[in-house]
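I opened my notebook and went through this model piece by piece.

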Amino acid sequence: MTFKVADRVAWNVEDDEIVLMNLSTEKVIVSTGIGAKILEDIISGKDIDRIIETLSEQYKIDVAVVKYDVSNFVDELLKREYLVVSGE
């Protein structure tokens, strides 16, 4: 499954952080570190399962743990309408 930044969200990459602003609500989130890496991969169109596998391999963390954390991160961004499922 792939996701994308919602149409009503402006985003910008600065150094090691990504800033997302929901233009409807004017709420802003800033993500750094692994969160920024996940968002960069989402923005580039990578499949969420591949993102999880890559992070698991890169950081030597059990894939189930990474899947849980990434899923929670993405679910929260979906709930707050910063992301949508690609194709919507």
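**Entry 1: H2 and H3**

I began with the crossing of H2 and H3, which is right-handed. I had to look up the word: a crossing is left-handed if the near helix is turned anticlockwise from the far one by less than a right angle, and right-handed if clockwise. This is a predicted model, where local features need pLDDT of at least 70 and side-chain atom pairs count only at pLDDT 80 or more, while totals for chains, interfaces and linings use all residues. Residues are numbered from 1 along each chain as its sequence is written, and side-chain values use heavy atoms, with hydrogens and water left out.

Helices (H or I, at least four residues) and strands (E, at least two) are DSSP runs, numbered from the N terminus. H2 covers residues 48-59 and H3 covers residues 63-79; they pack at an angle of about 130°, with their axes 9 Å apart. That angle makes H2 oblique to H3. Axes are lines fitted to C-alpha atoms, for helices over the stretch in contact, and angles run from 0 to 180 degrees between N-to-C directions. Angles under 35 degrees count as roughly parallel, over 145 as roughly antiparallel, 65 to 115 as roughly perpendicular and the rest as oblique.

Which residues meet here? From H2 I noted Ile48, Ile52, Leu55 and Ser56, and from H3 Val63, Val66, Lys67, Val70 and Val74. By class, this contact of H2 with H3 has 7 nonpolar residues, 1 polar and 1 charged. Contact means heavy atoms within 4.5 Å. For the classes, Ala, Val, Leu, Ile, Met, Phe, Trp, Tyr, Cys and Pro count as nonpolar, Asp, Glu, Lys and Arg as charged, and the others, Gly among them, as polar.

**Entry 2: H1**

Next I turned to H1 and H2, whose axes are 10 Å apart at an angle of about 145°. Their crossing is right-handed. Ile34, Lys37, Ile38, Asp41 and Ile42 in H1 meet Ile48, Ile51, Leu55 and Tyr59 in H2. I sorted the residues of this contact into 7 nonpolar, no polar and 2 charged.

Which residues of H1 are buried? In this helix (residues 33-43) they are Gly35, Ala36, Ile38, Leu39, Asp41 and Ile42. Buried means under 20% relative accessible area, exposed over 50%, and partly exposed in between (1.4 Å probe, protein chains only). The cover over these buried residues includes strands S1, S3, S4 and S5 as well as H2 and H3. After H1 comes glycine 45, with a positive phi near 90°.

**Entry 3: two buried polar side chains**

Serine 31 sits in strand S4, and I marked serine 31 as buried because its relative accessible area is 8%. A polar atom of the serine 31 side chain lies 3.3 Å from the backbone nitrogen of alanine 36. A polar contact is a pair of N or O atoms within 3.5 Å; within protein, one must be able to donate a hydrogen and the other to accept it, and residues adjacent in sequence count only if both atoms are side-chain atoms. Beyond four places in sequence, serine 31 is in contact with Asp16, Glu17, Ile18, Ala36, Leu39 and Phe73.

Asparagine 22 belongs to strand S3 (residues 17-22). Is asparagine 22 buried or exposed? I wrote down buried, because the relative accessibility is 1%. A polar atom of the asparagine 22 side chain lies 2.8 Å from the backbone nitrogen of serine 24.

**Entry 4: positive phi outside glycine**

Aspartate 15 is not a glycine, yet its phi is positive, near 50°. I found aspartate 15 in the loop between S2 and S3, exposed at 80% relative accessible area. Glutamate 81 also has a positive phi, near 65°. Glutamate 81 is in the loop between H3 and S5 and is partly exposed at 39%.

**Entry 5: phenylalanine 3**

My last stop was phenylalanine 3 in strand S1. Its relative accessibility is 8%, so phenylalanine 3 counts as buried. How many residues separate phenylalanine 3 and leucine 77 in sequence? I noted 74, while their C-alpha atoms are 10 Å apart in space. Not counting residues up to four places away in sequence, phenylalanine 3 touches Ile42, Ile48, Val74, Leu78, Val84, Val85 and Ser86.
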